[in-house]
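Morning, everyone. I'll keep this short. Please look at the screen.

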Amino acid sequence: MAIRNIRKEDDEILRKTSREVTDINDRILTLLDDMAETMYAADGVGLAAVQVGVLRNVVVIDVGDGLIELINPEIIEADGVQCEIEGCLSLPGKQSYTLRPATVKVKALNREGKWCVYKGEGLKARAFCHELDHLNGTLFVDKAATKEEISKYRKED
Ligand code: ZN
């Protein structure tokens, strides 16, 4: 395993679209191992392959209840709305309220090549959405909530 360099800020690779994984070979398995090690070392809750410079549909997530490895992930269900503070390992120091679904279901291949469905709510739903956006070259700052949205969805503040 190895810690890889996290691409930052205006590195143009972050704006590129990642490609489907067609063969779960040793390179992909090593990528998954390295991405998990890199995410934990950076104290993050998620990492997409593009963030370590690999344009493949591969994501790792751990919001504190165990590592989830996603290959070719897709959101198959989304419900409700939440408005919480988000940040990104590729955009150090930046944070903003971002609208996300309250719950999502994600379908993805695991490292054995089997399709699995994962449910997420709260932080995990945000992590799924944030990381899957990376695969399309989208960053959370593109989706930062407006003042009106923040006051609508965060009435308790
Ligand atoms: Zn990110």
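This is a predicted model: local features need pLDDT of at least 70, side-chain atom pairs count only at pLDDT 80 or more; totals for chains, interfaces and linings use all residues.

E69 has a relative accessibility of 15%. The cut-off for buried is under 20%, so E69 counts as buried.

Where does E69 sit? In strand 3, which runs over residues 68–79. What does the side chain of E69 do there? It makes a polar contact with the side chain of R111, at 2.9 Å. Now look around E69. Leaving out residues up to four places away in sequence, E69 touches L32, V59, V60, L109, N110, R111 and Y118.

Take Y118 from that list. Y118 belongs to strand 7, residues 115–121, and lies on the covered face with C116 and G120. The uncovered face of strand 7 holds W115, V117, K119 and E121.

Next, the partner strand. Strand 6, residues 103–109, pairs with strand 7 in the antiparallel sense, over seven bridges. Find K105: K119 in strand 7 stands opposite. Between the two strands of this hairpin there are five residues. G113 takes a positive phi there, near 85°.

Last stop, the zinc ion. Which atoms coordinate the zinc ion? SG of C88, NE2 of H130 and NE2 of H134, at 2.0 to 2.2 Å. C88 lies in the loop between strand 4 and strand 5, and H134 in helix 2, so this pair ties together parts that are 46 residues apart in sequence. In sequence, the donor spacing reads C-x41-H-x3-H. Both C88 and H134 are buried.

Methods:
Residues are numbered from 1 along each chain as its sequence is written. Side-chain values use heavy atoms; hydrogens and water are left out. Helices (H or I, at least four residues) and strands (E, at least two) are DSSP runs, numbered from the N terminus. Buried means under 20% relative accessible area, exposed over 50%, partly exposed in between (1.4 Å probe, protein chains only). A polar contact is a pair of N or O atoms within 3.5 Å; within protein, one must be able to donate a hydrogen and the other to accept it, and residues adjacent in sequence count only if both atoms are side-chain atoms. Contact means heavy atoms within 4.5 Å. Two strands pair if DSSP finds at least two bridges between them. Donors are N, O and S atoms within 2.8 Å of the metal (3.2 Å for Na, K and Ca); water is not among the atoms, so sites may look incomplete.
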